[in-house]
Amino acid sequence: MKTAAFTILLLTVMLSHAMERGRDYMREKVCGEFNTLGKDHFRAGAIIASSRKYSNATLEEILNVVKDIVSLAEKCCPEGADPACYETESLALSARSCSDPAPFPKHPGIEACCREEGLERKLCLAALKHPAKEFPTYVEPTNTEVCEAFAKDPQDFQDRYLYEYSTDYSSAPLPVLAASAMSYLSMVVKCCASATPTPCFLREKLNRKSIAMFTHVTNKACAHYDLLGEDKTRLSYIIKFSQKSTNASLEDIMAMATGASEVLSRTCNSTGNDTVQREFSECTTKICARLSAKDQRFADCCADADTMRAHFCIYSLPAAKTPHLPDFQKPADEDLCTEKTREEKDRLRENYSKTLPEATEEVLSELVEQRATFASTCCPLNAPPGYCGLKSSQRLRSSAYILLDRKRVTF
């Protein structure tokens, strides 16, 4: 299927590690996609990739990049083209990126890349990426407005939509983003030509609800992962799962948090057409296996045979109501000075999350770090850790401490 196939292009055109395997490999992959997909689908893929990569660029800048990419493929990919054409033209493209003024997206790292030469410059430029937008800015027009704009200029409508949607969801995995964007354009083509467009749009929007939701969920999760990194993402999931299910054991929480963060490490930059959904489905199945018998809310979500709908259900669960918990057992100060420091902090994070399901991740993380502060200040001292910890904890008076004090949980 062409929509799925051109996601490989997104890797070969824009990502650096393809170039590390050599110019022949790069030329064969790009030209293979161009010759298989044809110019129009190749161009659409380049817009998605470039918009995702340069999420703060203007449409004009993105189309300038795409124009040169397509021009290179048209010139160097036909049968019988000079084997040296691709290398020559791609070097010229990277040189143009370093011209002043360049017509391409701006990036603070370009200047450093342009001090390099040849392949090193191309690798450096390929690795540049704008940070994701803090908030989506695309507002979907009404069905009537969509069809009017599409009828007026189909190519301009497609370009603008792919640009706006891809810049808004630039953290979503490429295959997910591409599938969602192209399904929307297919809907527009179909329904704007229909004699009854309104029922058509209702039906088609319902059909693409799952991929649209998956794009939103993965974009948010991957943006979070890009910001925090794998280890802090794992800690974030400890808080999330602890707040969603107060019946889960620490073993359950740790396994689910580790599994979820590892899924993001494998999927956020994946280009495999089926990899992302398979990974999320398998992760959801494991969560359901652990919690369905322990938590009715999870059991209700997991009753859905569609694992992706079950995933969305779990994702949407609010924090559970504060349960009646046994007395909170904080770890001894000495335990945070041992090799079990990470385990004890995870246990502390889980307990605080269950005790304070209404607290934000920031407050809970601050709380855990404050409680563990003495590990860096007290453990190296000759004084007993408990004494030093007592002295240092007297200074830990923050919003997090006050929140705990209201719950009668002490440091």
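Q: What makes the link of Cys222 and Cys268 left-handed?
A: In this predicted model, the torsion about the S-S bond of Cys222 and Cys268 is -90 degrees, and the link is left-handed.

Q: Why do Cys222 and Cys268 count as a disulfide?
A: A disulfide needs two cysteine sulfur atoms within 2.5 Å. The sulfur atoms of Cys222 and Cys268 are 2.1 Å apart. The pair therefore passes the cut-off.

Q: What does the pair of Cys222 and Cys268 tie together?
A: Cys222 lies in helix α13, residues 209–244. Cys268 sits in the loop between α14 (250–267) and α15 (275–291). The pair therefore joins parts that are 46 residues apart in sequence.

Q: Are Cys222 and Cys268 buried or exposed?
A: Buried means under 20% relative accessible area. Cys222 has 0%, and Cys268 has 4%. Both values fall under the cut-off, so Cys222 is buried and Cys268 is buried.

Q: How do you know that Cys283 is in no disulfide?
A: The nearest cysteine sulfur to that of Cys283 belongs to Cys288, and it is 9.7 Å away. A disulfide requires sulfur atoms within 2.5 Å, so Cys283 is left without a partner. Cys283 is buried, with a relative accessible area of 14%.

Q: How many disulfides does this rule give?
A: The count comes to nine disulfides.

Q: Why is the disulfide of Cys76 and Cys85 called left-handed?
A: Its S-S torsion is about -65 degrees, so the disulfide is left-handed. The sulfur atoms of Cys76 and Cys85 are 2.0 Å apart. Cys76 is buried at 5% relative accessible area. Cys85 is also buried, at 10%.

Q: What makes Cys98 and Cys114 a disulfide, and what is its handedness?
A: Their sulfur atoms are 1.9 Å apart, and the cut-off is within 2.5 Å. The torsion about the S-S bond is about -90 degrees, so this disulfide is left-handed. The pair links distant parts of the chain, 16 residues apart. Cys98 is in the loop between α6 (85–97) and α7 (110–113). Cys114 is in the loop between α7 and α8 (118–127).

Q: How do you know that the length of α15 agrees with its number of residues?
A: At 1.5 Å a residue, the 17 residues of α15 should span 24 Å. The end C-alpha atoms of α15 are 25 Å apart, which agrees.

Q: Which residues of α15 are buried, and what covers them?
A: The buried residues are Val276, Glu279, Phe280, Ser281, Cys283, Thr284, Ile287, Cys288 and Leu291. Their cover includes α11 (174–192), α13, α14, α16 (296–302) and α17 (307–316).

Q: Why does Ser281 count as buried?
A: Ser281 of helix α15 has 14% relative accessibility, and the cut-off is under 20%, so Ser281 is buried. Leaving aside neighbours within four places in sequence, Ser281 is in contact with Thr307 and Met308.

Q: Why are α13 and α14 called roughly antiparallel?
A: The helices pack at an angle of about 165 degrees, with their axes 7 Å apart. Angles over 145 degrees count as roughly antiparallel, so α13 is roughly antiparallel to α14. The crossing of α13 and α14 is right-handed. Among the residues that meet are Cys222, Tyr225 and Tyr237 in α13 and Ile253, Met254 and Leu264 in α14.

Q: What makes α11 roughly antiparallel to α12?
A: α11 and helix α12 (residues 197–207) pack at about 155 degrees, with their axes 9 Å apart. The cut-off is over 145 degrees, so α11 runs roughly antiparallel to α12. The crossing of α11 and α12 is right-handed. The contact is made by residues including Met187 and Lys190 of α11 and Phe201 and Glu204 of α12.

Q: Why is Gln155 called partly exposed?
A: Gln155 lies in helix α10, residues 154–168. Its relative accessible area is 38%. Buried is under 20% and exposed is over 50%, so Gln155 is partly exposed.

How values were computed
Residues numbered from 1 in each chain as written. Predicted model: local features only at pLDDT ≥ 70, side-chain atom pairs only at ≥ 80, totals over all residues. Heavy atoms only, no water. Buried < 20%, exposed > 50% of the residue type's maximum accessible area, 1.4 Å probe, protein only. Helix = DSSP H or I, 4+ residues; strand = E, 2+ residues; numbered from the N terminus. Contact = heavy atoms within 4.5 Å. Expected span 1.5 Å × (residues − 1). Axes fitted to C-alpha atoms, helices over the stretch in contact; angles between N-to-C directions. Parallel < 35°, antiparallel > 145°, perpendicular 65-115°, else oblique. Left-handed = near helix turned anticlockwise from the far one by under 90°.
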